[in-house]
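Hi everyone, thanks for coming. Let me put my structure up on the screen, and then I'll walk you through a few spots in it.

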Amino acid sequence: MPMEKTFAIIKPDACSRGIAGQVLAKIEENGFQVIAMKKLRMTKKQAEGFYAVHRGKPFFSSLTDFMSSGPCIVLVLQKENAIAAWRKLMGATNPANAEPGTIRKEFAQSMEANSVHGSDAPDTASYEIAYFFSALELCV
Ligand code: CDP
Ligand code: MG
């Protein structure tokens with residue numbers, strides 16, 4: 001199976017609680033290669049652009065406030081079948097429905113403050129990686 005790249009965020013709730021290292025440890029323990037990583041704080045407009053697919057939904061305004069409320073860590077992960085594998089390790093969007101052993105089950109505080117983001121398909125992975133990283137920043 002070919003290597004695949006996906007895009008991940010350790011969201012502001014996890015960074016502000018000082019558990020980004022624990023999330024990163026899970027990423028590495030599960031065989032993902034971190035091929036790019038940086039810490040940044042999105043502006044409201046940048047968060048709106050990132051989540052453009054959700055514009056108009058009832059949670060959009062609160063979500064983009066939350067995502068711009070403090071620093072986050074953005075990453076590019078590589079593994080076989082990385083997109084699906086990272087979604088599985090994250091767990092369900094609502095932590096109440098997340099499987100034991102998933103990051104959201106262990107760390108998420110709420111449906112919104114759910115600690116991590118992951119791309120859901122190859123086209124969104126490409127868009128999201130390019131939103132934060134240039135090709136020169138990916139170190140395979
Ligand atoms: O992040 P994921 O792909 O699992 O879920 P999404 O449906 O793409 O929604 C993006 C993010 O919006 C979620 O991770 C939550 O932080 C937030 N959200 C929310 O606050 N309330 C909802 N009803 C749905 C999503
Ligand atoms: Mg999503």
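Some ground rules. This is a predicted model, where local features need pLDDT of at least 70 and side-chain atom pairs count only at pLDDT 80 or more, while totals for chains, interfaces and linings use all residues. Residues are numbered from 1 along each chain as its sequence is written, chains are lettered from A and ligands numbered from 1 in the order in which they are written, and side-chain values use heavy atoms, with hydrogens and water left out.

Okay, rings. A pair of aromatic rings is described by the distance of the centres and the angle of the planes. Here, rings of Phe, Tyr and Trp (its six-membered ring) pair if their centres lie within 6.5 Å; planes under 30 degrees apart are stacked, over 60 edge-to-face, and the rest tilted. We get 8 aromatic pairs. One of them is Phe7 with Phe132, which is stacked, at 5.2 Å centre to centre and 5° between the planes. What I like is that this pair links distant parts of the chain: Phe7 is in strand E1 (residues 3-10), Phe132 is in helix H7 (residues 122-132), and they're 125 residues apart. Helices (H or I, at least four residues) and strands (E, at least two) are DSSP runs, numbered from the N terminus.

Are these two buried or exposed? Phe7 counts as buried because its relative accessibility is 0%, and Phe132, at 11%, is buried as well. Buried means under 20% relative accessible area, exposed over 50%, and partly exposed in between (1.4 Å probe, protein chains only). Both also belong to one aromatic cluster with Phe50, Tyr51, Tyr127 and Tyr131.

Next, Leu63. You'll find Leu63 in helix H4 (residues 60-67), and it's buried, at 7% relative accessibility. Setting aside neighbours within four places in sequence, Leu63 is in contact (heavy atoms within 4.5 Å) with Tyr51 and Glu112.

Last stop: backbone angles. Most residues other than glycine have a negative phi, and most peptide bonds are trans. Asn81, though not a glycine, has a positive phi of about 60°. Asn81 sits in the loop between strand E3 (72-80) and helix H5 (82-90), and is partly exposed at 36%. Ser115 also has a positive phi, near 75°. Ser115 is in the loop between helix H6 (103-107) and E4, and with a relative accessible area of 0%, Ser115 is buried.
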